Structure formats: C-alpha cells, structure tokens
Amino acid sequence: MSCISEEKIRKIAGQFDFTGELVSWSPCGSGHINGTWLLRYRIGNMGSIKVILQKINLEIFQNPDELMENISGVTEHLKKKIIENDGDPEREVLNLIPTKEGKNYLQDADGECWRAYIFITDAVSYDLVEKPEDFYESAVAFGRFQEMLADYPAETLHETIKGFHDTKKRFQTLKKAVECDSFRRAEKVQDEIDFAMQHEELAGIFGEFLQKGEIPLRVTHNDTKLNNVMIDIFTGKGICVVDLDTVMPGLAMDDFGDAIRFGASTALEDEKDLSKVSCDMGLYEIYVKGFLESCGDKLTPKEIELLPMGAKVMTYECGIRFLTDYLEGDHYFKTDWEGQNLDRCRTQFKLLSDMEKKWDIMQEIVNRYKPE
Ligand code: ADP
Ligand code: GN1
Ligand code: MG
C-alpha cells in the first residue's frame, strides 16, 4: 500500500490546488487503513511546505462521496469553534486541500481516491506512550473533540462503516469466520477462539443499554488511538485529532475504551512477548482524569459509570476483529508479517484478562474523578 511510483505520485499530487515543486515524499505514520504520504514542496526561494496525501482505502470505505462529505462538514464545524476560541485553525483541525476542480477528493483514472491535508507542523503522534503527560493530553484532545461536536447535526452524518462498533455483529462475523475457516487457520488459534466465545457476554452489553434508552448516541470519533492525536513538540499539548473517517454517531464509552486499550497498554499493539503486555493503572488514571476534565460534565452518570466497561468492550471488540481478520486471510488491517493480526489479537486478549484482574481499581478510579 505504501509503495508508489514517482510518476503516479506526481500525477496525483499535481491535481490538488497548491503550487510548488515536489521535491520528496515518504510514507507517513503507522495507520492500519489508509495509505499516507508526507510530501515536501519547494516554493521558489521562500522555503518549503509539507502536505499529507492519503489514498482512501476503498475496500473499507465504499462510498468516498459520503465519507468526504462527513469530513468536510466536521472539519468546517470544528474550525468555526476553534476560531471562536482564538485557536489556530491551521494546526488544531485537519484542513483539506481541494483539487484544482474544487472537489474535496480526487478520483483518478484507475478509480483510486485521494485526499490532501495541510501537514500539521511541529507535531508528532505516538504508537506507545513515552511520557504520561502525552497520554493525558490525548485524553483532553479527544474529550474536547467530543465536546466541540456535541451540537453537530448528527443526522447529517453518513455511517461510513455499517455497524462499526456493533460488537454483537462483530462477534457474529467472528463466528462465521470460524465456521468457514477459509484459510485453515482455526485449529492453530483454538485458544483464542475459546477465549472469544467465553467472553461473548461483552458483545451485547452496550446494545442492550442503547435499546433500553439508558445511554445516548453522540457524535464520536470512534478510532481514538493515541496515534490519531498530534502532540505539539514544543508545548506538549494534544494539538489536533486526526483520522476522521469514522466520525459518526456512537458511544462515549467506546471512544474512552478504545483509547485505553491502545494507550494504557504497556506494550505495542502487536507485541509478541505477552509478558510485556498489561493495562497500566497509572496511565489509565491519567486518561480518566483528562477525559473527564474535558467532557465529563457533558456525560450522563450512566455513561460515566460505564467508562471502565467501555475499556473492556473495546479491547474485546478489537481482539475479535483482529482474530476475524487473521482467520479471513488478513484482508482488512495492513500487516507487515504473517501472523501480525494474531499477535494483535493476543495482546488485546491479554489486556482484557488483565483488566478483569484490575476491575475494582478501574471502577474506583472513575468514581474518584467523576464530576460532583
Ligand atoms: P489511518 O486511517 O491509516 O490510520 P491516519 O489518517 O490516521 O490514517 O494517518 C496516519 C498517520 O499520519 C497519523 O497517525 C499521523 O501520524 C499522520 N497524519 C495524518 N494526517 C496528518 C496531518 N494532517 N499532519 C501531520 N500528520 C498527519
Ligand atoms: C484501525 O486507522 P487506524 O489504524 O487508526 C481501525 C480501528 C482499529 C485500529 C486498531 C477504520 O485504526 O477501528 O481499532 O486500526 N480503523 C478502521 O489498531 O477500521
Ligand atoms: Mg489512524
């Protein structure tokens, strides 16, 4: 996905509305879905500018018009709020660069779809927490993100991936993958399949609360990994939330939980040595604090009570998604080695087991930080 010829990149980049001489490009970030490149341009004697070029994964996002309509709408909304709050609209929100024809993405002759963003300068994203403060900042950024979108007209958002966090549906898909066993891998992962089946209960919890009207749908990010927040290298602040492909009506607990399963882990998502994998309660506490400080007063008592459950559910959901993809021959998440999705599944199940051991502490921490 990250390989691209010079001819192709020049042809694609040349159709977006900016000038300058393209001098270099390189793959960027460690996202599992889209192809992302950092492009450097020289502009006369004025210096250089950087641009992010992304190839949209059309196997996953089948309706690019709707996807980009969501992103345009959400970024415009965020920009207004940021300007109202005297923020920097070039760095605190993604800025789409239109095509020369004035569209928000490009469909090339091969049918591939591309979009370009202004590069957020002097900022980094992390796959593993290096400093606890960075994790705190990511919590504040995601909490603020949710808050700024609280008045976004949710009914105008398209569901870019149907049933994205419908854990029950994810569980059914896993069961089908086990039954089909198209790649004859099920026998090798019987322990993981057993673990997934034993935890089936987690798949239905939020669906039931929703059905009973006990928890609300909100406009949420739905992919709150630490590496989807850009951290300012000078101030250490969580400057901008990126990866807006899955901004849709969803659950606050899922945004919280997804961030915990990734960022409060003591190891990378694809660590092979499971003895290194645990859910760090110090990091968990820091995230709880940042998240509740930034959006806690907007959440209902039930949502707050269910935050720790969000961590378990999202860790489980992600684990079964990785297991399903392994069983189905690794067609969804990008992989760099055979078995990487299985490695990812194992870290998630290890984390979930660890959360079960730490369940009382996890609840106690949320209790301690909940708004009065
Ligand atoms: P994916 O859907 O594949 O995860 P992302 O949109 O998250 O793709 O982009 C991958 C990575 O590229 C991000 O984690 C971030 O590090 C980097 N990135 C994305 N957009 C920008 C941007 N506008 N400026 C700087 N870096 C960016
Ligand atoms: C994908 O795009 P990225 O890498 O930020 C995935 C998330 C998973 C995550 C697991 C659209 O996120 O749902 O939780 O991988 N995004 C999509 O690391 O499926
Ligand atoms: Mg990403």
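Aspartate 127 is found in the loop between β7 (123-124) and α3 (132-148); helices (H or I, at least four residues) and strands (E, at least two) are DSSP runs, numbered from the N terminus. This is a predicted model, in which local features need pLDDT of at least 70, side-chain atom pairs count only at pLDDT 80 or more, and totals for chains, interfaces and linings use all residues. Residues are numbered from 1 along each chain as its sequence is written, chains are lettered from A and ligands numbered from 1 in the order in which they are written, and side-chain values use heavy atoms, with hydrogens and water left out.

Aspartate 127 is partly exposed, with a relative accessible area of 31% (buried means under 20%, exposed over 50%, partly exposed in between, with a 1.4 Å probe and protein chains only). The C-alpha atom of aspartate 127 is separated by 31 Å from that of lysine 302, and the two residues are 175 apart along the chain.

Around ligand 1 there are 19 residues, of which Asn34, Gln54, Ile120, Ser125 and Asn227 come nearest; a residue is near if one of its heavy atoms lies within 4 Å. By class, this shell has nine nonpolar, nine polar and one charged residues (Ala, Val, Leu, Ile, Met, Phe, Trp, Tyr, Cys and Pro count as nonpolar, Asp, Glu, Lys and Arg as charged, and the others, Gly among them, as polar). Strands β3 (48-55) and β6 (113-118) each supply at least two residues of the shell.

The table gives polar contacts, that is, pairs of N or O atoms within 3.5 Å.

| Side chain | Distance to an oxygen atom of ligand 1 |
|---|---|
| Serine 125 | 2.8 Å |
| Asparagine 228 | 3.0 Å |
| Aspartate 243 | 3.0 Å |

Taken alone, ligand 1 exposes 550 Å², and the protein buries 96% of that; the areas come from the Shrake-Rupley method with a 1.4 Å probe.

The magnesium ion (ligand 3) is coordinated by Asn228 (OD1) and Asp243 (OD), at 2.2 Å. Asparagine 228 lies in the loop between β8 (218-220) and β9 (229-232), and aspartate 243 in the loop between β10 (238-241) and β11 (248-250), so the pair ties together parts 15 residues apart in sequence. Donors are N, O and S atoms within 2.8 Å of the metal (3.2 Å for Na, K and Ca); water is not among the atoms, so sites may look incomplete. Asparagine 228 counts as buried at 6% relative accessibility, whereas aspartate 243, at 24%, counts as partly exposed.

Terms used: A polar contact is a pair of N or O atoms within 3.5 Å; within protein, one must be able to donate a hydrogen and the other to accept it, and residues adjacent in sequence count only if both atoms are side-chain atoms.
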